[in-house]
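Reader: I am new to this structure and would like to learn how to read it, feature by feature. Could you show it to me and then take my questions in turn?

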Amino acid sequence: MRALTWHGKHDVRVETVDDPKIVNPRDLILKVTATAICGSDLHIYDSFIPSMMAGDVLGHEFMGEVVEVGPGLRGEGDNAPLRVGDRVVVPFNIACGACRPCKTGQFSGCDNSNPADKGDISEVAYGHAVSGIFGYSHMTGGYAGGQAEYVRVPYGDVGPVKVPDGLTDEQVLFLSDIFPTGWMAAENCGIEPGDTVAVWGCGPVGQFAIRSALLQGAAKVIAIDHHANRLALAKAAGAEVLNYHEVKVREALMELTGGRGPDSCIDAVGMEAHGFSPDNIADAAKAAVRLATDRTHALREVIMACRKGGHVSVPGVYGGITDKFPVGAFMEKGLTMKTGQTHTQKYMKQLLEMIEAGQIDPTFVISHRLPLEEAAEGYRLFKENQDEVTKVVLRP
Amino acid sequence: MPTDTDAPITPANLVKQPGGQTYVSRAITIDRPREELYAFWRNPKNLQRLMDNVERIDVIDERRSHWVVKGPAGADIEWDSLIVEDQPGRRIAWQADEGAQVANRGWVEFRDGPPGRGTEVHALIEYDAPGGVLGRLIAKLFQREPNTQTRRELRRFKQLMETGEITTSEGPRGAGRHEKKEA
């Protein structure tokens, strides 16, 4: 089959690789009909994610048709196992459904989805083995991803969600990651009536966080970025917008909130923050020589801007270490921080119903459509023109 | 019959011996009943699925099994293992017979976790490698690897008991410079 593989910094290629096979009893094989490039794929493209190996198949946002099922899929009644021909969308993270984290809805903390040998890397780096993610380095399992014609889906009885015939691929594809991620980011704000939520980063996750915060009852959402097109998308959703090239963000937020500061702040930027502030330039220099890995300018600004007693929500991806974390502001203002990879499986059905009911149309985020064969060009476009490119959908 | 029930080994009272013994201890919580986990572990044949470096385990009788492990430089290491303590649903202790190339013993315990938190599985394995060149190679294998092996074996045990399968990311990949060449 054809698949997009990683070979090094800014080097991805579409090449012919072996077809995936059923390996374990609860596996299924999917024929991919649509897949997308995620902002977090750019972290891999930029070589910010350790434990990548040349030849790894990328892609964790995908959907398609079940073409083969293993002999041991669990479930009955309403949860009957999927069958060949079913059309499904697949969560980006892999969860077994049987461990305590899965049983309590903390799917991204699944104890079992990272193979025994691969779990060593994160046990050393983070203190605990993290769960598996499709196409996202060997630290998260070394699974082949979905930017391919076919993909093996482990625990096929837990993650994939059947899609109603009336909905197009593009309407439901983002249930795989960015819509649930934006939704959980807003949920982690604990929004109450009258709340103002500020969102740093108007990329795809930020866009869904903005819409989710409004759907969850925020009185006002303020979106922060420097890309004009992305700010326009945020404005179209009903957010007030700040261009950090034009204003001092904290001061502007204080004015827009009557001197209180936002009740909740979402860092939808993550480890590769842009900008020319002194701390970010220092971070970039250290990251370049690997003294530190994560550029955390956005997170620092979030903590400084958030009101006393407010909530900080971090859907943005971080992978390593940082310094100059404003721990004093964090403590003295009594902030609460919630973060984590998304418990995608917990949200997919609820959000699918909202799409069916017309409460949100996720296709707004798509800017480019390319055949899988041109995936490498998609990465280049996304990397080099983040103003114009919000989401690239690939078709095998 | 030898038994160590009088002097239970715990990490707290184990001292690394000048002769080169080493031990590894580790715990994992599994969301299955104690009895089920004990029953799996009580049959040495089952353990083969969890262990990367084990070539073969032959059950000799109710308490004895013969182990063949991949050694350094392609040489296999073999020994007979004897279950010296058996508390159904709670604890199994074993040790290699006296003639073993690599003296080893260990135990595994199954303890109820806090309410609703499954079973805590605690394991301790102790090795004592022989002298000589082969001894040093074996020591390398058995003294550096046990941590890694034990960690992975307990993870596989949990995976198999909770999910019914051992997790793998086996799948397609492109031609990369790290790709193993087929012989």
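Reader: In chain B, what share of the contacts between residues at least 6 apart in sequence join residues at least 24 apart?

Author: In this model, which is a predicted one, the share is 47% of those contacts in chain B.

Reader: How many helices and strands does chain B have, and in what order do the elements run?

Author: Chain B has three helices and seven strands, and, read from the N terminus, their order is β-α-α-β-β-β-β-β-β-α.

Reader: Which residues of helix α1 of chain B are buried, and where around the axis do they lie?

Author: In α1 of chain B, which spans residues 34-42, the buried ones are B:R34, B:L37 and B:Y38. Because they cover an arc of only 100° around the axis, they lie on the same side of α1(B).

Reader: Is B:G171 buried or exposed, and which residues does B:G171 contact beyond its neighbours in sequence?

Author: B:G171, found in the segment after α3 (132-163) of chain B, has 23 C-beta neighbours inside 10 Å and therefore counts as buried, the cut-off being 20 or more. Once its neighbours within four places in sequence are left aside, B:G171 is in contact with A:P20, A:Y143, A:A144 and A:R152. From B:R155, by contrast, B:G171 is 16 residues away in sequence and 21 Å away in space, taken from C-alpha to C-alpha.

Reader: How many residues does each chain bring to the contact between chain A and chain B?

Author: In general, the size of an interface is often given as the accessible area lost when the parts come together. Here we can count residues instead, and the contact takes 39 from chain A and 27 from chain B. On the side of chain A that touches chain B, at least two residues come from each of β1 (2-8), β4 (56-57) and α3 (119-126) of chain A, with β1(A) giving the most, three residues.

Reader: In what order do the six strands of the open sheet in chain A stand, and which of them are at the edges?

Author: As a general idea, strands of a sheet pair through backbone hydrogen bonds, either parallel or antiparallel. In chain A the order is β11-β10-β9-β12-β13-β14, with parallel pairing. At the edges stand β11 (240-243) and β14 (336-339) of chain A, each with a single partner strand, so one side of each has no neighbour in the sheet. From one strand to the next, the twist averages 20°. To follow one pair, take β9 (residues 196-200) and β12 (residues 264-267) of chain A, which are joined in the parallel sense over four bridges; A:W200 has A:D267 in β12(A) as its bridge partner.

Reader: At what angle do helices α5 and α12 of chain A cross, and which residues make the contact?

Author: Two packed helices are described by the angle between their axes and the distance between the axes. For α5 (residues 178-187) and α12 (residues 344-356) of chain A, the axes come within 9 Å and cross at roughly 100°, which means that α5(A) is roughly perpendicular to α12(A). The contact is made by A:F179, A:P180, A:W183 and A:M184 of α5(A) together with A:T344, A:Y347, A:M348 and A:L351 of α12(A), and these residues divide into seven nonpolar, one polar and no charged.

Key: Residues numbered from 1 in each chain as written. Chains lettered and ligands numbered in written order. Predicted model: local features only at pLDDT ≥ 70, side-chain atom pairs only at ≥ 80, totals over all residues. Contact = placed C-beta atoms within 7 Å. Buried ≥ 20, exposed ≤ 12 C-beta atoms within 10 Å, placed from the backbone. Arc of directions from axis to C-beta. Pairing = 2+ DSSP bridges. Axes fitted to C-alpha atoms, helices over the stretch in contact; angles between N-to-C directions. Parallel < 35°, antiparallel > 145°, perpendicular 65-115°, else oblique. Nonpolar A, V, L, I, M, F, W, Y, C, P; charged D, E, K, R; others polar.
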